[in-house]
Amino acid sequence: MSVCTSRFDETLAQRLIQLTESGLPLVEDPWTWLAEQLGISVESTLDLLKRLQAEGAIRRIAAVPNHYRLGYRHNGMTVWDVCDEQMPRLGELIGAQPFVSHCYRRPRRADWPYNLFAMVHGRSREEIDSYREHLRFLLGTASRADEMLVSSRILKKTGLRLASPRSSRSWLASEGR
Amino acid sequence: MELDELTARLIDRYQHGMPLCAEPYLEMANTLGCSEKELMACLQRLELAGALSRVGPVFDHSRAGASTLAALAVPAERLEQVAARISRYPEVNHNYAREHHYNLWFVLTGPNRRHLEQILEELEKDTGLVPLDLPMLTSYRIDLGFALGGHP
């Protein structure tokens, strides 16, 4: 958070997080609703949202679907042992594929040789198998080994609650990291 | 849930980001070539079907302290018990069984790295299983959804 952010702004930002982190009500003018809740004007509310977005605290403002309920019941965590030198280029390439939702570089471990993770989703096992094949084609010989871990069950999936009652102040507003 | 053409376009276009203005739905409706009422009706149908996770800001988890992807290789007969133990942590927001030697995968998020290490140490002590700890090093794509290619 910016050091010049006033205490008042920080309190407002925390209120905004609490009010919106589980979603806005489906009304025609959601920002008017939020402005009323915050006790500020719609214009100030939009400015606050823009500031939080510019600072990176808000990643995006979007209509987030539940892909599972839309029939995308198959997900595969594809993992790859990619040559370190080529990782910057190949990570970007894999992350840019439209069927990939998450793509991260992670460390290798003693019994875990894979350093690139890409999540793929589809409506059938065949569909995600074909995505894996496509990633294999893109990575070519730069990947020495790969696996796809399909999920057999979702045991827990909740959106992260930043403003949980357990933390007296939002982590977003904490400093010194 | 089967998607009509307008709803599919709505998701494909706006799951990554919506206009930030006083009347976002009106602007979205104009872009999609429908009325604001039709657009709201799409969102309401999605919500009723449980197919809308939410509309609103998505906050950056990685700025909110520390997180890691962890995995355990759990003997099949203990999977239920260990999975339940892990899901009880409020720091765990995803917990998936996967078909692999490492068959339990979960995401830990907390105020700092030390906090996560303490949970992993606690889990190792309690279960006798050594967790894989795989924090993100670089993000090439992060939770932006994916295209609903080839929808009916």
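**Exercise 1. The interface**

How much area do chain B and chain A bury between them, and what percentage of it is on carbon and sulfur atoms? Describe the contact of the two chains.

*Solution.* The model under study is predicted.

Step 1. Chain B and chain A together bury about 7600 Å², and carbon and sulfur atoms carry 58% of this area.

Step 2. The side of chain B that touches chain A divides into 45 nonpolar, 22 polar and 13 charged residues. Its largest share, 8 residues, is supplied by strand S1 (residues 52-59) of chain B.

Step 3. In terms of contacts, 80 residues of chain B meet 77 residues of chain A. Between the chains, 25 residue pairs are in polar contact, both residues being at pLDDT 80 or more.

**Exercise 2. Strand pairing between the chains**

In which sense do strand S1 of chain A and S1(B) pair, and over how many bridges?

*Solution.* Step 1. Strand S1 of chain A spans residues 58-65. This strand and S1(B) run in the antiparallel sense and are joined over 7 bridges.

Step 1. A particular bridge can be located by residue: Val64(A) has Arg54(B) as its partner in S1(B).

**Exercise 3. An aromatic pair**

Why is the pair of Phe99(A) and Tyr131(A) classed as stacked?

*Solution.* Step 1. Over all chains, the structure holds 5 aromatic pairs.

Step 1. For Phe99(A) and Tyr131(A), the ring centres are 4.2 Å apart and the planes stand at 5°. Planes under 30 degrees apart count as stacked, and the pair is therefore stacked.

Step 2. Phe99(A) belongs to the loop between helix H4 (87-95) and strand S3 (100-105) of chain A, while Tyr131(A) belongs to helix H5 (residues 125-139) of chain A, so the pair ties together parts 32 residues apart in sequence.

**Exercise 4. A salt bridge in a helix**

Where do Arg51(A) and Glu55(A) lie, and how many residues apart are they?

*Solution.* Step 1. Both residues lie in helix H3 (residues 42-55) of chain A. They are 4 residues apart, about one turn of the helix.

Step 1. The side chains of Arg51(A) and Glu55(A) form a salt bridge, with 3.0 Å from N to O. The cut-off is 4 Å.

Step 2. Over all chains, the structure holds 18 salt bridges.

Key. Residues are numbered from 1 along each chain as its sequence is written. Chains are lettered from A and ligands numbered from 1 in the order in which they are written. This is a predicted model: local features need pLDDT of at least 70, side-chain atom pairs count only at pLDDT 80 or more; totals for chains, interfaces and linings use all residues. Side-chain values use heavy atoms; hydrogens and water are left out. Contact means heavy atoms within 4.5 Å. Buried area is the accessible area (1.4 Å probe) that two parts lose on being put together, summed over both. A polar contact is a pair of N or O atoms within 3.5 Å; within protein, one must be able to donate a hydrogen and the other to accept it, and residues adjacent in sequence count only if both atoms are side-chain atoms. Helices (H or I, at least four residues) and strands (E, at least two) are DSSP runs, numbered from the N terminus. Ala, Val, Leu, Ile, Met, Phe, Trp, Tyr, Cys and Pro count as nonpolar, Asp, Glu, Lys and Arg as charged, and the others, Gly among them, as polar. Two strands pair if DSSP finds at least two bridges between them. Rings of Phe, Tyr and Trp (its six-membered ring) pair if their centres lie within 6.5 Å; planes under 30 degrees apart count as stacked, over 60 as edge-to-face and the rest as tilted.
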